[in-house]
Amino acid sequence: MTVTTDEDVNALVHVVVSASKLPAKSRSTAVKPVVAQLASLCYERGLLPDALGQLVDLLTSPSYLDQASLQTLARNLYPRGKVEADVVLRILGTLGHGRLKMSLGVQAALLRWLILVQHDLQEREVLARAYGFLFGLLDTAAIRLNLSRQTGNDPCLVGLLRVFKDYYPEIIVGDAHPDPAWRARLDEIQEAHRRQVDGPSSALLDGFRVNRPMDRTLRNRLLPAVHTPYATEDSVTLEEIENVRSFVQKLEKLELPNQLVAVLADPLLQKLLLLRPDATSHRRVSNWLGSVLQDVLDGDADEGTLWEVLEVVREFVVQTKTLPPVLLGFFCRFFEVWSGEGRRDLVLDILSYAPLQDFQELSKFIFGPLEACIQDDSPDTQRALLGLYTSLLHYWTSVLESSSTVPPDASQAISSLLHHVNRLNLTLLQTAPSLATEAAILSFYECTIPLLAHPTLQQHVRIELPPSPLVYSLFFSASLASVSRLSLILARFKKGFEKAMATRPRGDGSNRIDASSYTKAYVNHYNGFLMDMCNCLWRARAFSDSDSNAHGCMVPRATVSALTAYVASVDKSFTLASLFSLSHSPVLCLQSIRCVRDLEDKAMAEDLSIRTRHAGPVTQNSLSRLAASGGVRLTWQEYRISVLERLTREGLPGITELLTNTMTVLKNSMDDRSRKQMATSSPHAGTQDTSLLGGS
């Protein structure tokens, strides 16, 4: 029989318990194979509370089971969850000498089990309350120290070493654990159970319990576990914390562990140091890091040690959002000797939390040498660097949003970062033109939007425009999502410019952004982006440079003339100037015709006389002919507004926001249409004028 469910486990437990009450000769079947099968399943699945309680009752009560079977069961008591207090009390109550007591072998096995599961007790205080009882059972001869035979791993000597850890923090003393392999298996069982009950997210490290790794990997040999041997009656150790409630209630009484370097891998200790910052504690951690990293630089540690340390550091930095200064000093020296091979992802992730300071200085000592180490002119490397700078900009933004005051050099630092990444983005778009590249570039510029929307930061952070070739390359992307995201970014820039233009200069030398922060030429350069896009999308004047501030999308006039002639030679009904409108644009034509189909379906459901559909693409003249031939009656303005509304509903609001923020008449028309809920009002006639910023 294949055992696969908890019901089958319970059935086996019932068989073994029943057999234990009968002498061996009175049993109809042999019990040892059943015990072996149950033990195997306990190792694989673990035991739920009811089954665990029944087996503990069996082990602590007189029975007819042989000692080998009892020992087998005792060695495989793997609880899936917390161990209830009454289970502990049942074991303690049967310790000692006596005719009705367990055999000494089973007692030793269960005492060993209590040590192994002490951190999984539902009520840890139960062992503390039983201290006097347990001490009374000790045989003094059994606890005498035989130094000649047990110097290597005697628990008392381990305890003596712990006394000196405060004075010699480089000494790492692990837990004197009776069976790391057994404990590691228990951790696996309980983690699998949490996954099953709470979902995959529960597999993450528990942030409100001390981390107790039992495996002997290099990483866990490098870092000690949290251990607090000396606590007063008024203090509480981290090891006693079980959940967020007890952590909050006892926060002020929590005692710091001996070796604070454990903070690098323990989420609970990280939270404690964040909520109770202490300069001495951070200095001790930095000293340990500096010592280990210096060993790497001096060649006293192998490459494996380096990456293990950096992996731990990355988790610490990501969790605490803090990069110790000692790491910046390490990387300054490390980049002088690093070949760029190995786990560069660790380096990039750590440096994405570099402190907010002069980027030119950071570039000189950190980011410049980093790029020199890893730069191989491949798109993958360039995208990795872009990802680093995107994460760095996001981190700096979060730092500024949470700061009570804005540092005076914040705007300059961010501007320098943007200038640096502008060049990287231009290179990347040329070397690896793809939708993935466009998405990564746009994600970077989207990180600037919160800076311009924040009521305080918008007064201190200057708008830095992307390079013109980059803007137009993205605008003529083959992806509607890219066009929409770019349009949304530029629309948000407009609000930032308008805020600055409406702020009078103070003349006090402050670093606040106001009307004097941008030159007329700079604003007009931005206005040119808006004008060109409106010409393409709305005015059917693509590539025109006759309007004020228009750049003609930076297409040379000779090229425009050649393309105009070519389009006319292919089909005289088309013009180059209209090929990028809502109806004809390669990325918008599908959405436009789908919009018309939806309007036709709705009209046909209400009016059976409508019998003709538009063939597409839609023009102002084609809509007039459609109405005359029995199709839906739709004005040119209604059609275009409907397309914009559809784009917004489809999660592509950028084009709509750019056009409505730029053209006041269009915005008013859409607002009126929204208020009247597209019911019975007559369509508004829109003009083609644009309302740009000052200087247009």
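1. Arg 594 has a relative accessible area of 40% and is therefore partly exposed, a class that lies between buried (under 20% relative accessible area) and exposed (over 50%), with a 1.4 Å probe and protein chains only. This residue sits in helix 28; helices (H or I, at least four residues) and strands (E, at least two) are DSSP runs numbered from the N terminus.

2. The model is predicted, with local features requiring pLDDT of at least 70 and side-chain atom pairs pLDDT 80 or more, while totals for chains, interfaces and linings use all residues. Residues are numbered from 1 along each chain as its sequence is written, and side-chain values use heavy atoms, without hydrogens or water.

3. Overall composition comes next. The chain holds 32 helices and two strands. Of its 696 residues, 45% are buried. The accessible surface (Shrake-Rupley method, 1.4 Å probe; for residues, only the protein chains shown count as cover) comes to about 34800 Å², and carbon and sulfur atoms account for 54% of that surface. When contacts (heavy atoms within 4.5 Å) between residues at least 6 apart in sequence are considered, 68% of them join residues at least 24 apart.

4. Helix 25 (residues 480-501) and helix 31 (residues 654-662) have axes that come within 7 Å and cross at roughly 35°. These axes are lines fitted to C-alpha atoms over the stretch in contact, with angles from 0 to 180 degrees between N-to-C directions. The crossing is left-handed, that is, the near helix is turned anticlockwise from the far one by less than a right angle. Helix 25 contributes residues including Leu 480, Val 483, Leu 488, Ala 491 and Lys 494, and helix 31 contributes, among them, Ile 655, Glu 657, Leu 658 and Asn 661. By class, the residues of this contact are seven nonpolar, five polar and four charged; Ala, Val, Leu, Ile, Met, Phe, Trp, Tyr, Cys and Pro count as nonpolar, Asp, Glu, Lys and Arg as charged, and the others, Gly among them, as polar.

5. Lys 494 is buried at 5% relative accessible area, whereas Glu 498, at 35%, is partly exposed.

6. In total, 25 salt bridges are counted. Glu 600 pairs with Arg 597, the closest N and O atoms being 3.1 Å apart. Because they are three residues apart in helix 28 (residues 589-606), about one helical turn separates them. Glu 600 is buried at 1% relative accessibility, and Arg 597 is partly exposed at 26%. Asp 547 and Arg 541 form another salt bridge, with an N to O distance of 3.3 Å. Here Asp 547 is buried at 16%, while Arg 541 is partly exposed at 29%. A network of salt bridges links Glu 311, Arg 314, Arg 343, Asp 345 and Asp 349.

7. Helix 3 (residues 49-59) has Ala 51, Leu 52, Gly 53, Leu 55, Val 56, Leu 58 and Leu 59 as buried residues. These residues pack against helix 1 (6-20), helix 2 (32-45), helix 4 (67-75), helix 5 (85-92) and helix 6 (104-116).

8. The peptide bond from Gly 616 to Pro 617 is cis, with omega near -10°, and Pro 617 belongs to the loop between helix 28 and helix 29 (620-628). The loop between helix 26 (520-537) and helix 27 (557-570) contains Asn 549, a non-glycine residue with a positive phi of about 75°. Cys 553 is found in the loop between helix 26 and helix 27 and, although not a glycine, has a positive phi of about 55°. Asn 549 is buried at 17% relative accessible area, and Cys 553 is buried at 5%.

9. Glu 255 lies in strand 2 (residues 254-255) and is partly exposed, with a relative accessible area of 30%. Its C-alpha atom is 7.0 Å from that of Leu 238, 17 residues away along the chain.

Notes: A salt bridge is a side-chain nitrogen of Lys or Arg within 4 Å of a carboxyl oxygen of Asp or Glu.
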